Amino acid sequence: MIVKSATFVTSAVKPGQCPETDLPEVAFAGRSNVGKSSLINTLVNRKNLVKTSQTPGKTRLINFFAINDRFFFVDLPGYGYAKVSKKERSQWGPMVESYLTERENLKGVVILQDIRREPETEERDLVGFLNQVGLPFIYVLTKADKLSKNKQFARKKQLRERFSLQDDDFIVFSAKTAQGKDRTWDNIMRLLEIPRSQPNHQPDSQPDNPPPETP
Ligand code: GTP
Ligand code: MG
């Protein structure tokens, strides 16, 4: 992907403040400090388009970035960080949930998880929620430079089984080495073209209902 332009457009706390445009967008969601802002910077080849921080919970608004004037990247505030005040935590859910359910431009979500962590309630809830509303997603395992290849593989396998997903749904990524950058781009472009109507990840254990019998 050749990025010719990447510019910050606006911040929003509710759907009415999102940019009015027909351009499609993908959103980046994950725990605070997981590397959302770093992933976006790596993808667009910029050190500081999005501010990164040692202090988790830095990104507290929904931030919109226009890429090549063709689509948007949307940096969501991180969830699950205890030091953010209770009030702010209780605002995250409704703010992000209404964005995810109401925003028509949204074509898919990039879920991020630190490859060193076990998937926790937040990840399970998010995957369940996206399946429920029928939003396609990909799952990026961040900070891969911190783990050996064997351990990277083991985590991918664990998550694939846990969420009944395909191997292709996971991308092992590092902002430090740019491992997984091209695959992430390929999958984001795929998300931007997928229509939103059908859930894309149904658990294998739930076969389609048979058609009703006609008399
Ligand atoms: P919030 O905005 O607070 O929710 O955080 P975020 O998810 O945007 O994380 P951010 O990109 O700010 O990164 C958090 C910290 O992790 C920073 O110190 C980054 O330098 C570091 N980091 C991010 N990605 C990587 C990576 O791939 N490898 C390593 N080693 N460190 C990373
Ligand atoms: Mg951030």
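Analyst: Happy to. Let me start with a term: a residue is called buried under 20% relative accessible area, exposed over 50% and partly exposed in between, using a 1.4 Å probe and protein chains only. This is a predicted model, in which local features need pLDDT of at least 70 and side-chain atom pairs count only at pLDDT 80 or more, while totals for chains, interfaces and linings use all residues. Residues are numbered from 1 along each chain as its sequence is written, chains are lettered from A and ligands numbered from 1 in the order in which they are written, and side-chain values use heavy atoms, with hydrogens and water left out.

Now to the pairs. Side chains of opposite charge can pair when their charged atoms come close. Here a salt bridge is a side-chain nitrogen of Lys or Arg within 4 Å of a carboxyl oxygen of Asp or Glu, and the count by that rule is ten. Helices (DSSP H or I, at least four residues) and strands (DSSP E, at least two) are numbered from the N terminus.

Arg-103 sits in the loop between helix H2 (86-102) and strand E5 (106-114), while Glu-25 belongs to strand E2 (residues 25-30), so to speak a link between distant parts of the chain, 78 residues apart. Both partners, Arg-103 and Glu-25, are buried.

Next comes Arg-31 with Glu-123, at 3.5 Å between the closest N and O atoms. Because Arg-31 is in the loop between E2 and H1 and Glu-123 is in helix H3 (residues 121-133), this pair ties together parts that are 92 residues apart in sequence. Arg-31 counts as buried because its relative accessibility is 9%, and Glu-123 counts as buried at 2%.

Asp-167 and Lys-156 also meet in a salt bridge, at 3.9 Å from N to O. Asp-167 is in the loop between H4 and strand E7 (170-172) and Lys-156 is in helix H4, so the parts they tie together are eleven residues apart in sequence. With a relative accessible area of 32%, Asp-167 is partly exposed, whereas Lys-156, at 14%, is buried.
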